[in-house]
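Thanks for passing this one along; here are my notes for you to read beside the model. Please keep the structure open as you go through the points.

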Amino acid sequence: MTAIDQVAAAPITSAEQRSPSRAWRKLKANKGALVGLTIIAFFAILAIIAPLLPLPDPNATSWSTIRKAPSAAHWLGTDDIGRDILSRMIWGAQASLMAGVFSVAIAVFVGVPFGLISGYFGGWIDMIISRITEAFLAMPFLITAIALAAFLGPSLSNAMIAIGLSAMPIFVRLTRGQVLAVKTEEYIEGARSIGLRHFSIITRYILPNVFAPILVQATLTIATAIIAEASLSFLGLGQQPPAPSWGSMLNVAKNFLSQAPWMAMWPGIAIFLVVIGFNLLGDGLRDALDPREA
């Protein structure tokens, strides 16, 4: 087989192994992944259609309905200043899901290119990027996010940036490791032998073959990012009052656990379900995209 034949054949084999139809069939056969996908879709749809739902204003206060238990008028009860918890839960889903998705998007779009460069070129470039990555990984993820959020200032957008930058080293290390394994394949050597530029080799042959583990890691990291956003909002470094957020709702509820436990129960359950959903989906994607699995 010539070098050109190797370059042409190898990516096709990889594409066959990870074809969308085959991966989707395996994903549908995974009941846990379907449960996770259903949970995520449920909360995502609620967040998207929140403006269309006949809900009370999530920021409207009522001194006559302070800390009321769940009832026909307020299905999930009210908080310390009479705001409807169901309304704040649904609107808060927007902040929590957006923080999870956009934080991971920042981590992927910043971390993956550095991982590709580090793994492909090696040498002193790899050494510098690897040492910086290891320095970041030596610090606990949440502590780094809190420090960056405090430095940038309290807001949801700054919290997303802080979480994204804190998660970035994970994707640098993962991408680098995958590139080191892929770049020794014969079709990569064939691509070099026919004179393809480095950029073409990375984008056409290496990136598609390391995309699957990156996608799985991104799905799992969204769950971590949602917990991190809730933690930052709980500490007053994320979504700022009166805008609803599951983390800020827990921050308020901690003062009324004995008088109004429902204030903490519902946002806690929502965070738990969404995190479980993304973890189940991530595990399902890992199995569906693994070419070694039948």
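1. Overall make-up. The chain has 11 helices and 0 strands. Reading from the N terminus, the order of elements is α-α-α-α-α-α-α-α-α-α-α. Please bear in mind that this is a predicted model. Along the principal axes, the C-alpha atoms fill a box of roughly 80 × 45 × 30 Å.

2. How to read the helix pairs. Two packed helices are described by the angle between their axes and the distance between the axes.

3. Helix 9 with helix 11. The two axes come within 8 Å and cross at roughly 170°. Angles over 145 degrees count as roughly antiparallel, and helix 9 and helix 11 are therefore roughly antiparallel to each other. From helix 9, the contact takes in Ala-212, Leu-215, Val-216, Thr-219, Leu-220, Ile-222, Ala-223, Ile-226, Ile-227 and Ala-230. On the helix 11 side are Ile-271, Val-274, Val-275, Phe-278, Asn-279, Leu-281, Gly-282, Asp-283, Leu-285, Arg-286 and Leu-289. Sorted by class, the residues of this contact are 16 nonpolar, 3 polar and 2 charged.

4. Helix 3 with helix 11. Helix 11 also packs with helix 3, at an angle of about 135° and with the axes 7 Å apart. That angle makes helix 3 oblique to helix 11. The crossing of these two helices is left-handed. In helix 3, the residues that meet helix 11 are Gly-32, Ala-33, Val-35, Gly-36, Leu-37, Ile-39, Ile-40 and Phe-43. Their partners in helix 11 are Ala-270, Leu-273, Val-274, Gly-277, Phe-278, Leu-280, Leu-281 and Gly-284. The contact has 12 nonpolar and 4 polar residues, with no charged ones.

5. Helix 9 with helix 10. Here the axes come within 7 Å and cross at roughly 45°, which makes helix 9 oblique to helix 10. The crossing of helix 9 and helix 10 is right-handed. Helix 9 contributes Ala-230, Ser-233 and Phe-234, while helix 10 contributes Gly-247, Ser-248, Leu-250 and Asn-251. By class, that gives 3 nonpolar, 4 polar and no charged residues.

6. Helix 3 (31-49), helix 4 (85-121) and helix 11 (262-289) are the elements that give two or more residues to the lining. Helix 4 gives the most, with 4 residues. The volume of the second largest pocket is about 340 Å³. By class, its lining has 18 nonpolar residues, 1 polar and 1 charged.

7. Two backbone details to check. Most residues other than glycine have a negative phi, and most peptide bonds are trans. With that in mind, which peptide bond is cis? The bond from Pro-241 to Pro-242 is cis, with omega near 5°. Pro-242 sits in the loop between helix 9 (198-234) and helix 10 (246-253), the pair described in point 5. The other detail is Arg-67, which has a positive phi of about 50° although Arg-67 is not a glycine. You will find Arg-67 in the loop between helix 3 and helix 4.

Methods: Residues are numbered from 1 along each chain as its sequence is written. This is a predicted model: local features need pLDDT of at least 70, side-chain atom pairs count only at pLDDT 80 or more; totals for chains, interfaces and linings use all residues. Side-chain values use heavy atoms; hydrogens and water are left out. On a 1 Å grid over the protein atoms alone, a cavity is a set of points where a 1.4 Å probe fits but cannot get out, and a pocket is an open set with protein on both sides within 12 Å along at least five of seven lines; lining residues have an atom within 4 Å of a point. Grid points are joined across faces, edges and corners, and a volume is the space filled by probe spheres set on the points. Ala, Val, Leu, Ile, Met, Phe, Trp, Tyr, Cys and Pro count as nonpolar, Asp, Glu, Lys and Arg as charged, and the others, Gly among them, as polar. Axes are lines fitted to C-alpha atoms, for helices over the stretch in contact, and angles run from 0 to 180 degrees between N-to-C directions. Angles under 35 degrees count as roughly parallel, over 145 as roughly antiparallel, 65 to 115 as roughly perpendicular and the rest as oblique. A crossing is left-handed if the near helix is turned anticlockwise from the far one by less than a right angle, and right-handed if clockwise. Contact means heavy atoms within 4.5 Å.
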